[in-house]
Structure formats: C-alpha cells, structure tokens
Amino acid sequence: MAELELVPVKTRILTDKDDIVDVIEEYAKDIVSPDDLVCSAESVVAITQRRYTRPEELTPSWQARLMRRFVPGEGSMASLYGMQAAMNLEGEWKMMFWFFIGFLAKLVGKNGVWYAKCRQASLTDDVTGTMPPFDKCIVYGPAEPDKVAEKIKQRMGCYGAVVADVNDLKRSAVLGHSKGLNPKEIAKILIDNPFGNASQKTPIVVIKNYAQFVKNRNKD
C-alpha cells in the first residue's frame, strides 16, 4: 500500500513579479504525479499577488491602539501595525464591532467569532512572519485561494491542490482547495509544518500518493 510522503520543494526567493502557478510548474513538475497533492504556503501566494504592506506605510488609528491591548500572546493582532493592516482591509468600525461581539460570545463559551467575521484578523502575518526579504512586511491573506488551487491542479495535472496556512505552533488550516478535497483532513496531514518560508525557501510541499491514501481510506 502506498504511503503518504511529504516532499518540500525548494525555490528561489519569490516576489510580486512571480506567478505562483508558474513557479510551482518550474520547480515541482519533475516530482508531481497524478496521484499527488500540491500544497502552497498562503503567505507566498499572497506575496505573488502583491498583498503586503510595510509598517511605515500605515497610520495606526485609535481603534487599533485600543484593541491590540486586549489581544493576548504574540500574534499579529497584538502588534499595533498588524492590527492596523487588518483594519485597512476589513474596516476599523467593523473590526471593533465584532471584537466586542466576540468578547460577549466568549462569556457564553463560544470562541473565534471575531476571527470568523473579520478574516484578515487571522490571515494577516506581521513582520518576520514570512519569507525574506518580506519578513520586514505585513502580509495579508491571499485573494481567491480556491481559484489559485484550481489553477495549480489544472496546470500540474495532479490529484488536487491547496493553499495552506500552517505554523510551528501546531496550527494548520487550508484556506483554499481544488474541488473534491477534504480541507480538514489535509490540514491534519500538514500539522507538523513541512513548509519552510524563511531561509529554507521551501514554500511548496508535495504530498505524494494522496489519491491512493484517499482510495484506501474510503475502502475502510
């Protein structure tokens, strides 16, 4: 029985002058088969779409200064500029409204309301969160990740493709996927973060034998 194998693919430094589908074809075409699943890190997809900004280009609002004080930990929303970057896309008053509603929801045991209603609060990566030289930038979530995944699948002739948000804190989510895939199952497979967005320059991961894995799972 074929076993899953996660193969990180090394690339050059990618910029907004690149097309992520062209890059994947260039670097992974020799190792991808029809049974494989191609995964791309969401931050690199966003960079190729020019969905990033520099902190010095932002003017923090009083809403950002206030709200970020109530965000625990060291996440992007605890950063003044990370919070402001998300607000620039979502809207300051919308972010503040759902932050308050999310606080009330937590009192009755329901978590994640703010992040669900204001997606950029969870998708925005603060500085140092992505591949150099963009580690000095704030990177937004990718646009139309389902369409990106579908284009990758069609170009590569593989079983499927996903755009994934994975980190070293055992947090894994599939933001976009080609048709017919189970995003929660794939997120679990990627939980140990096989991507390397820093000096490793491996923002693409190929899951070998994924079609056989699905076929065997369905038999069980």
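In this predicted model, the buried residues of helix 5 are Met 95, Met 96, Phe 99, Gly 102 and Ala 105. The helix runs over residues 92–107. Cover for the buried residues of helix 5 is provided by elements including helix 3 (62–67), helix 4 (80–90), helix 6 (113–117) and helix 7 (120–123). With 16 residues at 1.5 Å each, helix 5 should span 22 Å, and the 23 Å between its end C-alpha atoms agrees with this expectation. Just after the helix, Gly 109 adopts a positive phi of about 90°.

Ten salt bridges were found in a search of the whole structure. One of them pairs Asp 16 with Arg 50, with 3.2 Å between the closest N and O atoms. This pair links distant parts of the chain, 34 residues apart: Asp 16 belongs to the loop between strand 1 (5–9) and helix 1 (20–28), and Arg 50 to the loop between helix 2 (42–48) and strand 3 (52–53). The two partners also fall into separate accessibility classes: Asp 16 is partly exposed, at a relative accessible area of 25%, whereas Arg 50 is exposed, at 51%.

A salt bridge is also formed by Asp 36 and Lys 208, whose closest N and O atoms are 2.6 Å apart. Here the link is between the loop that joins helix 1 to strand 2 (37–41), where Asp 36 is found, and strand 7, which holds Lys 208; the separation is 172 residues. Asp 36 is buried, since its relative accessibility is 0%, and Lys 208 is likewise classed as buried, with a relative accessible area of 17%. Salt bridges with shared partners join Arg 12, Asp 18 and Glu 26 into one network. A further salt bridge connects Lys 147 and Glu 144, the closest N and O atoms being separated by 3.2 Å.

Strand 7 also contains Val 205. Val 205 has a relative accessible area of 0% and is therefore buried. Leaving aside residues up to four places away in sequence, Val 205 touches Leu 6, Val 7, Pro 8, Leu 37, Val 38, Cys 39, Pro 194 and Phe 195. Between Val 205 and Asp 16 there are 189 residues of sequence separation, and their C-alpha atoms are 20 Å apart in space.

The loop between helix 9 (183–189) and strand 7 (204–208) includes Asn 193. Asn 193 is counted as buried because its relative accessibility, 14%, falls under the cut-off of 20%. With residues up to four places away in sequence again excluded, Asn 193 is in contact with Val 166, Asn 167 and Asp 168.

Conventions
Residues are numbered from 1 along each chain as its sequence is written. This is a predicted model: local features need pLDDT of at least 70, side-chain atom pairs count only at pLDDT 80 or more; totals for chains, interfaces and linings use all residues. Side-chain values use heavy atoms; hydrogens and water are left out. Helices (H or I, at least four residues) and strands (E, at least two) are DSSP runs, numbered from the N terminus. Buried means under 20% relative accessible area, exposed over 50%, partly exposed in between (1.4 Å probe, protein chains only). Contact means heavy atoms within 4.5 Å. The expected span of a helix is 1.5 Å times one less than its number of residues. A salt bridge is a side-chain nitrogen of Lys or Arg within 4 Å of a carboxyl oxygen of Asp or Glu.
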